[in-house]
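Open the model in your viewer and keep the selection panel at hand. The stops below say what to select next and what is there.

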Amino acid sequence: MTIPSYTRADFQTDQEVRWCPGCGDYTILASVQAFLAELGRPREEFVFISGIGCSSRFPYYVNTYGMHSIHGRAPAIASGVAATRPDLSVWVITGDGDGLSIGGNHLIHALRRNVNLKILLFNNQIYGLTKGQYSPTSEVGKSTKSSPFGSVDYPFNPVSLALGAEASYVARTLDMDRKHTQAILESAYEHEGSAFIEIYQNCNVFNDKAFIQLTGKEERVHNRIDLEHGKPVVFDGGAKAVVLRNGEATVVDSSSVDPGAILVHDETRPDPSIAFALSRLSHGPYGPTPLGVFRKVSRPTYDGEVNAQVQAAKDKQGLGDLEKLIKSHGTWTVDESGVNGG
Amino acid sequence: MAEETATSDPASTPTETTDKIVVRFAGDSGDGMQLAGTRFTDASALFGNDLATLPSFPAEIRAPAGTLPGVSSFQVQIADYDILTAGDDPDCLVAMNPAALQKNLKDLRQGGTLIVNKDAFDERNLAKAGYEANPLEDESLAGFRVIEVPMDELTKEAVKDSGVSGRNVLRSKNFFALGLMAWLFHRPTEPTIEWVEKKFAKLPEVAAANTAAYRAGYNFGITTEATKTTFEVKPATLPPGTYTNVNGNTALAWGLVAASQKSGLPLFYGTYPITPASDILHELSRHKNFGVRTLQAEDEIAGIGSAIGAAFAGNLAVTGSSGPGIALKSESISLAFMLELPLIVINVQRGGPSTGLPTKPEQSDLLFSLYGRHGEAPLPILAVASPSEAFETAIEAVRIAVKYMTPVILLSDNYVANGSEPWKLPDLNAIPDIEVSFAEHPNGPNGTFLPYMRNVETFARPWAKPGTAGLEHRVGGLEKDAITGNVSYDPNNHQLMTDTRAWKVANIANDVPDIEVSGDEDAKVLVLGWGSTFGSIRAACNRTRRSGGKVASAHLRHLNPLPNNLGEVLASFDKILIPELNTGQLLKIIRAEFLIDATGLNKVAGEPFRVTEIEDKIQEMSA
């Protein structure tokens with residue numbers, strides 16, 4: 001079989017993309033399409049499943065198999081595809097409202113089961129499609145149409161949530177950094193099992209510049225922490241570092257600590273405590289915030305185990321015999337005269 | 001020697017041969033009455049009787065011991081002829097404690113046999129059951145043949161050498177009662193002993209205790225000549241064939257496995273545990289060597305969600321639940337309808353609304369099945385009439401789902417699901433294959449794939465599995481263009497698609513067999529039924545005709561679309577009687593569809609119809 005040679009255009013559909021001009025979704029779409037084209041895997045082997053919301057229009061614009069389903073349910077639907085078709089690469093597209101509010105339950109259970117799904121959660125910290133209500137990741141005090149006096153809801157930290165839900169792979173990236181996004185997509189694709197990627201995505205209509213601390217030319221220098229496996233966690237041109245104190249990740253001046261005390265990032269660490277501590281450095285993109293892979297550990301996948309059980313049963317019991325099955329509770333026969341023959 | 005001869009001959013007590021007998025085992029939910037009833041049933045089935053069962057148990061796992069809410073019972077009718085129900089009034093009642101007696105005595109036929117565990121009738125248990133005086137000591141049981149047995153004491157004595165001790169000793173008393181019943185009704189003992197040995201192979205002391213208690217109960221009957229007569233029910237004369245005893249949930253699960261084999265589609269069952277549907281999951285999860293995959297989801301919505309995903313991926317996808325769970329699935333059923341993917345949605349109905357009566361039968365989800373979705377979303381609906389018939393109905397549901405690319409609702413209920421009856425095994429080779437044709441090639445101009453380009457006969461859209469090159473396409477809940485499947489907000493397109501989807505389902509009527517009328521074509525009254533009332537209705541009609549009356553009956557398997565000849569059939573009778581375990585749901589449909597002034601007989605008491613209830617109504621309407 002020859003490896004198909006694709007360009008980004010092969011993963012575009014004839015459908016007009018209907019996000020607002022300037023929406024971060026465009027950049028993410030371009031990153032995903034470019035990544036898929038580079039992979040060179042046959043296009044028909046990809047399935048994109050989404051829920052409801054702006055991000056969930058995504059499958060209409062990717063020329064693979066796809067389903068735009070209902071609000072919050074994409075991880076459940078995708079689990080049915082992945083569990084029965086290990087030959088496919090199954091992706092979930094969701095948002096902060098879809099994945100963390102109405103669909104929170106499905107998301108955490110897909111992660112805990114380690115279903116072989118690549119879950120991209122576009123976090124814009126607002127409801128866009130319903131036009132501007134606060135979301136489960138909006139900051140406390142946010143003034144929106146549904147919270148004119150400021151939101152009193154305490155927000156989720158999606159990376160912390162995923163780590164708490166036993167996710168085997170957790171990463172965070174940023175819409176406008178296509179290179180970083182593509183690197184994360186590749187690392188997630190290689191991971192066997194659920195991969196959860198939070199993508200900070202700017203909604204320029206209802207929540208513009210929410211990520212300015214990580215995107216602004218000035219701000220990002222001081223705030224963007226790039227997690228790199230095997231390397232000390234330093235940022236701000238090396239001026240700042242992260243150390244562990246009393247189990248908490250803490251930002252310090254690099255010059256104030258022994259270089260040996262700086263946390264060295266290990267994404268493969270079986271225990272998620274340090275990854276969780278890193279996720280608590282910032283409860284949103286409001287100050288020094290880590291991007292990159294928080295956790296990447298190997299654990300049996302749900303679909304792998306399900307299909308192994310099926311295979312083992314076939315090997316051990318032989319292929320199912322329907323005649324035997326319906327006689328398995330014991331039978332008796334009645335002969336032509338209608339008499340029970342026992 | 002003389003004594004031994006006497007004790008080894010059950011026939012030393014005179015035997016009365018009868019055509020049928022109704023037996024009810026009743027006790028505390030910890031007393032093992034369901035197990036005793038099932039063993040009595042299986043022994044009777046293997047003996048060759050026709051039979052039907054009615055288990056009844058509390059929704060609580062273990063209500064407080066000795067109380068009225070904690071009573072669990074199992075009724076079985078065995079007969080030497082073809083019977084259809086578990087019977088109305090028991091001829092024999094086993095009451096393991098005062099609460100069981102209090103709750104069940106009202107049903108025991110006058111002059112019937114009552115077996116009580118005397119040891120359980122202490123002051124405390126009597127008080128819990130609400131007795132002011134011990135009924136064994138006054139005249140309140142004078143109308144029955146009472147056999148008082150010190151079951152606790154005798155069981156303790158019987159199992160003393162088995163190796164079980166402490167609280168486990170009395171656990172065998174259901175086997176003592178079962179042994180006594182085996183003697184009283186001439187049941188063969190081997191099937192039960194064999195079952196015990198197999199079931200408890202890993203717990204030899206438990207097997208020994210149960211066998212000892214069972215034999216002790218049997219021998220107690222012989223030695224004490226516990227009754228003046230024992231009863232015998234000869235094997236039934238049934239059509240020739242091989243039979244097994246099966247309940248509705250099991251037969252339904254097997255039907256799905258059969259449909260998987262006949263269609264070549266791997267079976268996927270995505271579900272969430274709920275009474276009384278969970279046994280379908282339990283059964284299917286055992287059959288992985290048939291390629292069956294089961295997913296116990298985090299909730300009802302994920303159960304159907306995973307099934308929708310599996311359907312999209314090319315599997316025979318099934319989800320199952322009961323009323324409350326189906327309500328949660330409602331939005332997803334509409335999605336599956338919009339996606340036009342094959343999906344079986346099983347609803348094992350129970351008493352509602354809300355948590356209602358989780359362990360009791362009711363047929364109150366018919367209108368919910370027809371109309372319980374947002375938007376215009378008609379679906380094919382089938383209902384199971386009896387435990388064994390669930391096999392065939394499941395296959396039929398799958399056939400419709402894949403042929404027409406539509407979700408199908410398959411209704412069962414608690415009575416069918418847990419009730420059992422002998423099933424004449426079908427010739428599996430005679431069951432036709434279920435044709436499935438996945439799209440493999442582009443069907444549009446310039447090598448494009450048009451996911452909504454329909455089959456001209458069935459109006460089904462093509463089913464293209466992910467992994468098929470060149471057929472990449474997107475589906476979704478938004479309205480789709482009638483041909484390309486692209487999102488469309490065009491007014492005319494929405495009208496066309498709404499009409500097309502409705503027409504597709506309505507057109508299935510041409511694929512639905514005509515409804516058959518049983519009984520007297522020239523009768524005044526036709527009894528029309530659906531679902532689990534089949535047995536009660538047919539038995540009531542048989543009784544009416546045996547006593548010289550005339551009546552006809554017809555039973556619907558297909559509730560949407562209805563059989564094409566139904567209107568004609570209904571019009572050919574003066575009066576239509578529709579018995580239902582709801583407040584008149586099919587009645588409403590029949591009146592609306594055919595403008596016929598049909599009469600309802602309705603009951604929502606958490607129990608099936610008594611045959612006499614329907615019989616009396618037939619008589620009243622025939623006058």
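A residue counts as buried if 20 or more other C-beta atoms lie within 10 Å of its own, as exposed if 12 or fewer do, and as partly exposed in between, with C-beta atoms placed from the backbone. Helices (H or I, at least four residues) and strands (E, at least two) are DSSP runs, numbered from the N terminus. This is a predicted model: local features need pLDDT of at least 70, side-chain atom pairs count only at pLDDT 80 or more, and totals for chains, interfaces and linings use all residues. Residues are numbered from 1 along each chain as its sequence is written, while chains are lettered from A and ligands numbered from 1 in the order in which they are written.

**Stop 1: a helix of chain B**

Select residues 248-263 of chain B, which form helix α9. Is α9(B) mostly covered or uncovered? It is mostly covered, with 16 of its 16 residues buried. From first C-alpha to last, α9(B) reaches 22 Å, close to the 22 Å expected at 1.5 Å a residue; the expected span is 1.5 Å times one less than the number of residues. Just after α9(B), B:Gly264 has a positive phi of about 75°.

**Stop 2: where the chains meet**

Show both chains. Contact here means that the C-beta atoms of two residues, placed from the backbone, lie within 7 Å. On this basis 56 residues of chain A are in contact with 59 residues of chain B. Which helix gives the largest share of the side of chain B that touches chain A? It is α11(B), with nine residues. By class, this side of chain B has 30 nonpolar, 22 polar and seven charged residues. Ala, Val, Leu, Ile, Met, Phe, Trp, Tyr, Cys and Pro count as nonpolar, Asp, Glu, Lys and Arg as charged, and the others, Gly among them, as polar.

Strands pair if DSSP finds at least two bridges between them. A:Thr333 has B:Thr242 as its bridge partner in β9(B).

**Stop 3: a sheet in chain A**

In chain A, find the open antiparallel sheet of three strands, in the order β8-β9-β10. Its edge strands, each pairing on one side only, are β8 (234-235) and β10 (248-253). Two bridges join β8(A) to β9(A), residues 240-245, and A:Val234 has A:Ala241 as its bridge partner.

**Stop 4: domains of chain B**

Colour chain B by domain: domain 1 (2-232), domain 2 (244-430) and domain 3 (518-622). These bounds come from an automatic or database domain assignment. The contact between domains 2 and 3 of chain B takes 24 residues from domain 2 and 20 residues from domain 3. On the domain 2 side there are 16 nonpolar, five polar and three charged residues.

**Stop 5: inside**

A nonpolar core is a set of buried Ala, Val, Leu, Ile, Met, Phe, Trp, Tyr and Cys residues joined through C-beta atoms within 7 Å. The largest has 259 residues, of which B:Ala177, B:Leu180 and B:Ile308 touch the most other members. Helix α14 of chain B, residues 389-404, gives the most to this core, with ten residues.

Finally, centre on B:Ala213, in helix α8 (residues 204-224) of chain B. B:Ala213 is buried, because 31 other C-beta atoms lie within 10 Å. Leaving aside residues up to four places away in sequence, B:Ala213 touches residues including B:Thr155, B:Phe176 and B:Gly179.
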